[in-house]
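Please open the structure in a viewer and keep the selection panel at hand.

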Amino acid sequence: MSEQALGVVLKTTPLRESDLLITLYTDTHGRISAVARGARRSQRRFAGALSLLVLAKFELGRKPRGELWSLESADIVREWTRLATDVIAVAHASYVAELVSSLLPAEAPDPDVLELVVAAWDSLADHGPSPAALRAVELRLLDISGHRPAIDQCAICGATDLDTGAVFDGARGGAICRRCAAMSRGAGVRVFEATTRAYLGAVLAAGTPSEAQVVDGQFSATDRLAARDVVLAMVRGLVGKPLRSLEYIAKLGAAQRGTDAP
Ligand SMILES: [Zn+2]
């Protein structure tokens, strides 16, 4: 029995001599692992669809009571592979894929995820890499995974007076007011300035990654960095291990000093 699903490749890993283990996010099954037999020898059956920055129709099979899917064939629906020559764009696209892979549970499809990935790649193709676009993706994925951070009110008591003494504590749900902040002691706790709150509020209000890009120009580099820092602290805490694509983006940033932070 085989079936068709629309999806994107999140990761490929060599498996045995000639196969590839593919992590996909599909519309019908969410995140799944599938074996593409012989794909290390020939990718003809997969028509160039086994890479990042491609939306494709995948033909999938699974044996009764089998754990792994098998990937029979693939056809490209849309692709953004012209971005492959831009290392920063590829790094941002890889980060989006790694976020989807790390934050969302296996085989729990959400109708908004593919649309979000496509929107992120459209944003990269149309406007280039943008910190605010990445924040829009992170905040949406946190929301979808049931960890929407509190931004405008204290995650513990609901207080909206966050102008003095507030911190951001991802492990406790986001913004924490001055009174509740005494209990926030973890390594991921950050001072939560009013301007950082305004930046993240503007990203949330913008909606899509493309629309969020204008937010970058409305704030200082310090605000962009602070916003990145609080959201990444929360993401790292939830994932529980370093994100490889993020380390790569940091290295690119260090190599190109003077360019903006991701
Ligand atoms: Zn509070």
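The stops below cover a metal site, salt bridges, a cavity and a pocket.

The model is predicted: local features need pLDDT of at least 70, side-chain atom pairs count only at pLDDT 80 or more, and totals for chains, interfaces and linings use all residues. Residues are numbered from 1 along each chain as its sequence is written, and side-chain values use heavy atoms, with hydrogens and water left out.

**The zinc site**

Select the zinc ion together with Cys-154, Cys-157, Cys-177 and Cys-180, whose SG atoms are its protein donors at 2.3 to 2.4 Å. Donors are N, O and S atoms within 2.8 Å of the metal (3.2 Å for Na, K and Ca); water is not among the atoms, so sites may look incomplete. The angles among the four donor atoms run from 104 to 112 degrees, and the site is tetrahedral (four donors with all angles between 85 and 135 degrees). For four tetrahedral donors the ideal angle is 109.5 degrees.

Along the sequence, the donor residues follow the spacing C-x2-C-x19-C-x2-C. Cys-157 sits in the loop between α3 (131-144) and β6 (167-169), and Cys-177 in the loop between β7 (174-176) and β8 (190-191), so this pair ties together parts that are 20 residues apart in sequence. Helices (H or I, at least four residues) and strands (E, at least two) are DSSP runs, numbered from the N terminus. Is Cys-177 buried or exposed? Cys-177 is buried, with a relative accessible area of 4%, while Cys-157 is partly exposed at 37%. Buried means under 20% relative accessible area, exposed over 50%, and partly exposed in between (1.4 Å probe, protein chains only).

**Salt bridges**

How many salt bridges are there? The count comes to 10, a salt bridge being a side-chain nitrogen of Lys or Arg within 4 Å of a carboxyl oxygen of Asp or Glu.

Select Arg-62 and Glu-107, whose closest N and O atoms are 3.2 Å apart in a salt bridge. This pair links distant parts of the chain, 45 residues apart: Arg-62 is in the loop between β4 (54-61) and β5 (69-79), and Glu-107 in the loop between α1 (87-103) and α2 (113-127).

Next, select Asp-122 and Arg-78, which form a salt bridge at 2.8 Å, N to O. Here helix α2, holding Asp-122, is linked to strand β5, holding Arg-78, across 44 residues.

Then move to helix α3, where Arg-135 and Glu-138 are three residues apart, about one helical turn. Their side chains meet in a salt bridge of 2.6 Å, N to O, and both residues are buried.

Finally, select Asp-112, Arg-140, Asp-143 and Arg-148, which are linked in a network of salt bridges.

Select His-92, Ala-120, Leu-124, Ala-133 and Leu-134, the closest to the centre of the largest cavity among its 14 lining residues. Its volume is about 70 Å³. On a 1 Å grid over the protein atoms alone, a cavity is a set of points where a 1.4 Å probe fits but cannot get out, a pocket is an open set with protein on both sides within 12 Å along at least five of seven lines, and lining residues have an atom within 4 Å of a point. Helices α1, α2, α3 and α5 (209-218) each supply at least two residues of the cavity lining.

**The pocket**

Select Leu-10, Lys-11, Glu-98, Ser-101 and Arg-244, which lie nearest the centre of the largest pocket, among 13 lining residues. This pocket has a volume of about 400 Å³. Helix α1 gives the most to its lining, with five residues.

Technical notes. Tetrahedral: all angles 85-135°; square planar, octahedral: opposite > 155°, others 65-115°. Points joined across faces, edges and corners; volume = space filled by probe spheres on them.
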